[in-house]
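Subject: Structure handover

Hi,

Here is the structure I promised to pass on to you. Have a look at it first, and then read on for my notes on what turned up.

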Amino acid sequence: RLVAAIPSSQDTYSWWTVQKENLGKLVTGETRRSSDISSAYRTYQEIGDDLPSKRIVWIDAGIHAREWIAPATALYFIDKIVQGYKSSDSTIKSMLDNFAFYIAPLLNPDGYVYSYTFTRERLWRKTRSAQAGGCYGVDLNRNFGYHWGGQGSSSDPCDENFRGSSAFSEPETRAVRDKLLAIRLRTISFITMHSYGQDWMVPYGYAYNVSVDNYAQMMRPVQAAADKLKSLGRNYDIGNSAVVTYPAAGASDDYAASIGVPYAHTIELPDTGQYRFLLPQSEIPRVGLETLEALKVYLGYIAAAN
Ligand code: 0X9
Ligand code: ZN
């Protein structure tokens, strides 16, 4: 059920918050093509009371088409915090009292649909926008405007890591940028979910040896989350993203950190290479649950420290 669920096409404001009678129901709806999501922000869901005094936790997933466990995990998280709120689960309640959650479960709908509709292209990564030379798609995680064009990104539209024709050339990345800039001062944590690798990373990743100033501070809740995951039998690597994976410029985590979000992370969900992007559907509940538990610890730490 979760794998196939895609965001609502309804307008932005607070589907989850306003329609209390629908709390707990996952949204399924039409998928919008890149060409007419002039505002990919339509896919954001706002959960809980969005008081101006609350710090915002941003969670997105599905910027890369083939990484199916990521949108499934974001939807699992939405489902559990909505259910938990309804049933007065004390940890979930305090999470929602402490933070407003802005969750975009599927940032690249065209690519995602392409990866499951056309089985030959199950491992499609980019968007599906037409490019010069007859190739398709931009790697949205190379299209953000901080050190755009640097290492680990390609100028060739036929490459998997094609960065786009300019920084923020794509409507999907512009929508993220515009929303983030609008909520920048309230946002305490930016989390973008990918797969695979079991890594929980901290910026910057546009090159080697370029860390954020508050690296040590950012690592503390990450360490707590990794300890929790380990206790659940899952080993995560944590640290600087270029070191943990490889340098890649124009990614969203770097952009979030560059505009001053105090905590910014890419999470590479399971596994470590057995199934790679083809993690079986039967793994969704375990990954969902352990990630939820890790996020509870991570956010509890941030709430106490800030
Ligand atoms: O390459 C990416 O965009 C991410 N890995 S993935 O296999 N899911 O494609 C890692 C991005 C890490 N962040 C930065 N390097 N800034
Ligand atoms: Zn990815």
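**Around the ligand**

Three of them, α7 (241–244), α8 (252–258) and β7 (263–269), each supply at least two residues of the shell around ligand 1. There are 15 residues around the ligand, and Asn141, His194, Gly205, Ala248 and Ala251 come nearest. By class, the shell has seven polar, four charged and four nonpolar residues.

**Helix packing**

Next come the helices. Two packed helices are described by the angle between their axes and the distance between the axes.

On the α2 side the contact involves Ile69, Ala72, Thr73, Tyr76, Phe77 and Lys80, which meet Ile284, Val287, Gly288, Thr291, Leu292 and Leu295 of α9. Sorted by class, that contact holds eight nonpolar residues, three polar ones and one charged one.

From α6 the contact takes Arg220, Pro221, Val222, Ala224, Ala225, Lys228 and Leu229, and from α9 it takes Glu290, Glu293, Ala294, Val297, Tyr298, Tyr301 and Ile302. Ten of these residues are nonpolar and four are charged, with no polar ones.

Back to α2, which has another partner in helix α3 (residues 90–98): the axes of the two come within 8 Å and cross at roughly 105°. That angle makes α2 roughly perpendicular to α3. Here Ile81, Gly84 and Tyr85 of α2 meet Ile92, Lys93, Met95 and Leu96 of α3. The class count for this contact is five nonpolar, one polar and one charged.

**Backbone details to check**

A few backbone features are worth a look if you plan to set up calculations. The peptide bond from Ser195 to Tyr196 is cis, with omega near 0°, and Tyr196 sits in the loop between β4 (187–195) and β5 (199–202). A cis peptide bond also runs from Pro270 to Asp271, with omega near 5°; Asp271 is in the loop between β7 and α9. Finally, His147 is not a glycine, yet its phi is positive, at about 55°. His147 belongs to the loop between α4 (109–117) and α5 (171–183).

**Confidence**

How does the chain score on average? Its mean pLDDT is 83, and 83% of the residues score at least 70. Residues 1–43 have a pLDDT below 50, and beyond near neighbours in sequence this stretch has 79 contacts in the model. Where pLDDT is low, the predicted coordinates should not be read in detail. The model scores are ipTM 0.99 and pTM 0.88.

Happy to talk any of this through.

Best wishes

Terms used:
Residues are numbered from 1 along each chain as its sequence is written. Chains are lettered from A and ligands numbered from 1 in the order in which they are written. This is a predicted model: local features need pLDDT of at least 70, side-chain atom pairs count only at pLDDT 80 or more; totals for chains, interfaces and linings use all residues. Two residues are in contact if their C-beta atoms, placed from the backbone, lie within 7 Å. Helices (H or I, at least four residues) and strands (E, at least two) are DSSP runs, numbered from the N terminus. Ala, Val, Leu, Ile, Met, Phe, Trp, Tyr, Cys and Pro count as nonpolar, Asp, Glu, Lys and Arg as charged, and the others, Gly among them, as polar. Axes are lines fitted to C-alpha atoms, for helices over the stretch in contact, and angles run from 0 to 180 degrees between N-to-C directions. Angles under 35 degrees count as roughly parallel, over 145 as roughly antiparallel, 65 to 115 as roughly perpendicular and the rest as oblique. A residue is near a molecule or strand if its C-beta atom, placed from the backbone, lies within 6 Å of it. pLDDT is the predictor's confidence in each residue, from 0 to 100.
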